[in-house]
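Trainee: Hi, I've just opened this one for the first time. Could you walk me through it?
Mentor: Happy to, let's bring it up and take it piece by piece.

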Amino acid sequence: PKYEKYYKMMSLGLHKDVAKHALSRDQLDPSILDLDPEKSLKSQQSGSADGDEPALKNDPKYEKYYKMMSLGLHKDVAKHALSRDQLDPSILDLDPEKSLKSQQSGSADGDEPALKNDPKYEKYY
C-alpha cells in the first residue's frame, strides 16, 4: 500500500526514473524500485544491512589470509594456514567483496517466497 501508486505509475507506462523521482519527492527510498522481483524482500533487505559487516577480505579475522594470497602465495597455502589456525578453509571460496554474514544468510532464503510471488507484493508485478 505504501508504494502502490509508484508501481501503478510504472504499470501505466511511465518510466522507472519518473516513479523514483516521485518517491524522492515524497521522502521515500527510491531504491525500492530496484529490488529484484525474483528474490524475497527479506533477503534483499538483509543484504542492504550488510554495511555493518566488513567485506570478507577486510574482516580482521580473515584479512591476513587474503593478504597472503595478494602477496603471491597460492590459495591452497592460505587454506592450510586457515586449517592450522582452526578456521574453516572454505572461507576462501566465498566472495571476498561481501561479508561472511551476508553469504551465510543467503542460504536461508529458501523459506521466503520471491518478491513477485509474495502475497503482499505480487499485485505489483
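**A first walk through the model**

Mentor: Let's begin with confidence, since this is a predicted model. Across the protein, confidence is highest in α5, at a mean of 95, and lowest in α3, at 60.

Trainee: And what is the average pLDDT of the protein?
Mentor: The average is 80, and 71% of the residues score at least 70.

Trainee: OK, what about the fold? How many helices and strands are there?
Mentor: The protein has six helices and zero strands. Read from the N terminus, the order of elements is α-α-α-α-α-α.

Trainee: How much of the protein is buried?
Mentor: Of the 125 residues, 27% are buried. The accessible surface is about 8500 Å², and carbon and sulfur atoms hold 51% of that surface.

Trainee: What share of the contacts comes from residues 24 or more positions apart?
Mentor: Counting contacts with a separation of 6 or more, 49% are between residues 24 or more positions apart.

Trainee: Let's go inside. Which residues make up the largest nonpolar core?
Mentor: That core has 12 residues, among them Leu-56, Tyr-62, Tyr-65, Tyr-66, Met-68, Ala-78, Leu-82, Ile-91 and Leu-100. Two helices, α4 (63–70) and α5 (75–84), each supply at least two residues of this core. As a general point, nonpolar side chains tend to be buried together in soluble globular proteins.

Trainee: Which residues does Leu-100 contact, leaving aside its neighbours within four places in sequence?
Mentor: With those neighbours set aside, Leu-100 is in contact with Leu-56, Tyr-62, Ile-91 and Leu-94. There is also a second, separate core of 10 residues, which includes Tyr-6, Tyr-7, Met-9 and Ala-19.

Trainee: Back to α4 for a moment. Which of its residues are buried?
Mentor: Tyr-65, Tyr-66 and Met-68 are the buried ones to look at in α4. They sit on the same side of α4, because they cover an arc of only 150° around the axis.

Trainee: What's on the other side of α4?
Mentor: There you'll find Lys-67 and Ser-70, which are exposed. As for the buried residues of α4, their cover includes α5. Just after α4, have a look at Gly-72, which takes a positive phi of about 110°.

Trainee: Now Asp-59. Where does Asp-59 lie?
Mentor: Asp-59 is in the loop between α3 (41–48) and α4.

Trainee: Is Asp-59 buried or exposed?
Mentor: Asp-59 counts as buried because its relative accessible area is 15%, and the cut-off for buried is under 20%. Asp-59 is also 9.4 Å from Pro-96, C-alpha to C-alpha, although the two are 37 residues apart in sequence.

Trainee: Switching topic: how many salt bridges does the structure hold?
Mentor: There are nine salt bridges. One joins the side chains of Asp-34 and Lys-16, at 3.6 Å from N to O. This pair links distant parts of the chain, with Lys-16 in helix α2 (16–25) and Asp-34 in the loop between α2 and α3, 18 residues apart. Asp-34 is partly exposed, at 44% relative accessible area, and Lys-16 is partly exposed as well, at 33%.

Trainee: And where are the two residues of the Lys-64 and Asp-85 pair?
Mentor: Their side chains meet in a salt bridge of 3.5 Å, N to O. Lys-64 is in helix α4 and Asp-85 is in the loop between α5 and α6 (100–105), so this pair too links distant parts of the chain, 21 residues apart.

Trainee: Which residues are linked with Lys-5 in a network of salt bridges?
Mentor: Arg-25 and Asp-26 are linked with Lys-5 in that network. Within it, the side chains of Asp-26 and Arg-25 meet at 3.1 Å, N to O. Arg-25 is exposed, with a relative accessible area of 56%, whereas Asp-26 is partly exposed, at 28%.

Trainee: Last one: where does Met-10 lie?
Mentor: Met-10 is in helix α1 (residues 4–11). With neighbours within four places in sequence left aside, Met-10 is in contact with Lys-16, Ala-19 and Leu-33. Met-10 is partly exposed, at a relative accessible area of 23%.

How values were computed
Residues are numbered from 1 along each chain as its sequence is written. Side-chain values use heavy atoms; hydrogens and water are left out. A nonpolar core is a set of buried Ala, Val, Leu, Ile, Met, Phe, Trp, Tyr and Cys residues joined through side-chain atoms within 4.5 Å. Buried means under 20% relative accessible area, exposed over 50%, partly exposed in between (1.4 Å probe, protein chains only). Helices (H or I, at least four residues) and strands (E, at least two) are DSSP runs, numbered from the N terminus. Contact means heavy atoms within 4.5 Å. The arc is that of the directions from the helix axis to the C-beta atoms. Accessible areas come from the Shrake-Rupley method with a 1.4 Å probe; for residues, only the protein chains shown count as cover. pLDDT is the predictor's confidence in each residue, from 0 to 100. A salt bridge is a side-chain nitrogen of Lys or Arg within 4 Å of a carboxyl oxygen of Asp or Glu.
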